[in-house]
Amino acid sequence: TGRVTTDVEAEDTRTRIVDAALRCLESNEFQRVSMETIAQEANVGRATMYRHFANRDDVLAAVVLSETHRVLGELVPVARAEPDAGSAIVKLITLVVEVGPNEPTIAALVSRGNYLFTRDLLVDSADELFAMTAENVEALLAGREHELRPGVSREDVAEWVLRITISLLTVRGPRRRRNAELEDHLRRFLAPVLTTSPSD
């Protein structure tokens, strides 16, 4: 009989595959990344690939979630340095919109040529994206909950941060705002809805 794979070994293999897929995305165009190229990079067989992931997009969705978690973890402390909750929320969204397109995985996500992948990712991974955003918003607002408007919860803030960030990354609006303009726009139209923090 074959040896039983432990949960730790399975998680290690999954992580190795996700890391390999990230390297493939960094050195290849999105469309050129296949299950075969990822398997070769991870040094695993096709059967192992399909034991952990249903298809290529399933692997790439795991990469996007992993990288989004990493990027948010780096940006939240920067945004938290803002003087009030409203400014911190605005700064976090602005930073993600600024940094996102320079990250290979997020760039792949928001590329116009990858619309179907983006749509499927947002549908299939909505719960994970929301949970990740909620975790980071909790860290962002720790000790500042009293600055939220009455009736506004941290979950409400997380939902708006996620929805607005995705919209800004994927939908071209009527105006292309630079970072300072976007920050000002969000400070005037978003911060006062969610917080009692000064908006000026």
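**Exercise 1. Which residues of helix α10 (residues 179-189) are buried, and what do they pack against?**

Solution. Start with the list: Leu 182, Glu 183, Leu 186 and Arg 187 are the buried residues of α10 (buried is under 20% relative accessible area, exposed over 50%, partly exposed in between, with a 1.4 Å probe and protein chains only). Around the axis they span an arc of only 135°, which places them on the same side of α10; the arc is that of the directions from the helix axis to the C-beta atoms. Finally, the buried residues of α10 pack against α5 (85-99), α9 (154-170) and α11 (191-194), where contact means heavy atoms within 4.5 Å.

Some housekeeping. This is a predicted model, where local features need pLDDT of at least 70, side-chain atom pairs count only at pLDDT 80 or more, and totals for chains, interfaces and linings use all residues. Residues are numbered from 1 along each chain as its sequence is written, and side-chain values use heavy atoms, with hydrogens and water left out. Helices are DSSP runs (H or I, at least four residues), numbered from the N terminus.

**Exercise 2. Describe how α4 (residues 56-80) and α5 cross.**

Solution. Two packed helices are described by the angle between their axes and the distance between the axes. Here the axes come within 9 Å and cross at roughly 140°; axes are lines fitted to C-alpha atoms over the stretch in contact, with angles from 0 to 180 degrees between N-to-C directions. α4 and α5 are therefore oblique to each other (under 35 degrees is roughly parallel, over 145 roughly antiparallel, 65 to 115 roughly perpendicular, the rest oblique). Next, the residues: Val 71, Leu 72, Leu 75, Val 76, Val 78 and Ala 79 of α4 meet Ala 88, Lys 91, Leu 92, Leu 95, Val 96 and Val 99 of α5. Sorted by type, that contact has 11 nonpolar residues, no polar ones and one charged (Ala, Val, Leu, Ile, Met, Phe, Trp, Tyr, Cys and Pro count as nonpolar, Asp, Glu, Lys and Arg as charged, the others, Gly among them, as polar).

**Exercise 3. At what angle do α1 (residues 7-27) and α2 (residues 35-42) pack, and which residues make the contact?**

Solution. The angle is about 115°, with the axes 8 Å apart. That makes α1 roughly perpendicular to α2. From α1, the contact uses Arg 16, Ile 17, Ala 20, Ala 21, Arg 23 and Cys 24; α2 brings Thr 37, Ile 38, Glu 41 and Ala 42.

Note on methods
Helices (H or I, at least four residues) and strands (E, at least two) are DSSP runs, numbered from the N terminus.
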